[in-house]
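Subject: Structure for your files

Hello,

Please find the structure below. My notes on it follow.

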Amino acid sequence: DIDGTLSSLPDFLVPFWGARTKAFRGGPELARELAKTYEIVYLTARDDSLAFETWAFLARHRFPPGAVIFDDYGFTDPEQLEQWDPKNHGKFKLAVLKSLQARGITIAAGIGNASTDGEAYVGAGVKSYLRTDKSEPGSFTFEETSELKTKLLADKVLVQSSGLSGGVRGTTGP
């Protein structure tokens, strides 16, 4: 996830400040560490009309390269209006995760901030890590990136760098 997970920007400000917002302390560095072992996928409920702002934010803070999957609102039928409601963002994310898994892609972990993120990750059978001060069923919750890093190391999702390259690559997505 991006908003509230990597970016400290509230969702409603994305169209105005998306590229200029701050990243949470330690986030870019942790993402770069994960990218040594995994392909990073950024899965966001942002509409694809915010692609430029999203890519600029990721580049500005030196997040590692990776696919960015947007929730394209499109609005070609009335049911798509439901996509604006944040409580439905998890449905979109779960559908994407299951689609990736159906293509044979193994997802090592999901990192988000909303209960809907956790529901999507848990629903897809993926280890769930959420930036929040609330307890969330099935998810490890954290407030600081350092807490997340410690847990990722304990769960063997993040492997302490030995300075050697290579190894098995999977996919993880903040």
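Which residues does Thr-132 touch, not counting residues up to four places away in sequence? Thr-132 touches Asn-113, Thr-141, Phe-142 and Glu-143, where a contact means heavy atoms within 4.5 Å. Thr-132 sits in the loop between β4 (127-131) and β5 (139-142). With a relative accessible area of 14%, Thr-132 is buried; buried means under 20% relative accessible area, exposed over 50%, and partly exposed in between, with a 1.4 Å probe and protein chains only.

Two notes on conventions. This is a predicted model, in which local features need pLDDT of at least 70 and side-chain atom pairs count only at pLDDT 80 or more, while totals for chains, interfaces and linings use all residues. Residues are numbered from 1 along each chain as its sequence is written, and side-chain values use heavy atoms, with hydrogens and water left out.

Overall layout

The protein has six helices and six strands. Helices (H or I, at least four residues) and strands (E, at least two) are DSSP runs, numbered from the N terminus. Their order from the N terminus is α-α-β-α-β-α-β-α-β-β-α-β. Of the 174 residues in the protein, 44% are buried. Among contacts with a separation of 6 or more, 59% are between residues 24 or more positions apart.

Strands and helices

β3 and β4 run parallel and are joined by four bridges; two strands pair if DSSP finds at least two bridges between them. β4 is mostly covered, with four of its five residues buried.

In helix α2 (residues 27-35), the residues Gly-27, Pro-28, Leu-30, Ala-31 and Leu-34 are buried. They lie on the same side of α2, because they cover an arc of only 165° around the axis. The arc is taken from the directions from the helix axis to the C-beta atoms. In helix α5 (residues 115-123), Thr-116, Asp-117, Gly-118, Ala-120 and Tyr-121 are buried. Just after α5, Gly-125 has a positive phi of about 75°.

Nonpolar cores

A nonpolar core is a set of buried Ala, Val, Leu, Ile, Met, Phe, Trp, Tyr and Cys residues joined through side-chain atoms within 4.5 Å. The largest one has 22 residues, of which Leu-34, Tyr-42, Tyr-129 and Leu-152 touch the most other members. Two or more residues of this core come from each of α2, β1 (38-43), α3 (51-60), β3 (107-112) and α6 (145-154). Another core, of 11 residues, lies apart from it and includes Leu-43, Val-96, Leu-100 and Ile-107. In soluble globular proteins, nonpolar side chains tend to be buried together.

Tyr-42 belongs to strand β1 and counts as buried, at 0% relative accessibility. Tyr-42 and Val-68 are 26 residues apart in sequence, yet their C-alpha atoms are 4.6 Å apart in space.

Aromatic rings

There are four aromatic pairs in the structure. Rings of Phe, Tyr and Trp (its six-membered ring) pair if their centres lie within 6.5 Å; planes under 30 degrees apart count as stacked, over 60 as edge-to-face and the rest as tilted. Phe-57 and Phe-63 form a tilted pair, because their ring centres are 5.6 Å apart and their planes stand at 35°. Both Phe-57 and Phe-63 are buried. Phe-140 and Phe-142 form a stacked pair, at 6.5 Å centre to centre and 10° between the planes. Phe-140 is partly exposed, with a relative accessible area of 25%, whereas Phe-142 is buried, at 1%. Tyr-129, Phe-140 and Phe-142 are linked into a cluster by ring pairs.

Arg-131 lies over the face of Phe-24, 3.9 Å from the ring centre. A charge sits over a ring if NZ of Lys or CZ of Arg is within 6 Å of the ring centre and within 35 degrees of the ring normal.

Backbone in the loops

Arg-62 is not a glycine but has a positive phi of about 60°. Arg-62 lies in the loop between α3 and β2 (66-69) and is exposed, with a relative accessible area of 55%. Lys-156, also a residue other than glycine, has a positive phi near 60°. Lys-156 lies in the loop between α6 and β6 (170-173) and is exposed, with a relative accessible area of 65%.

Regards
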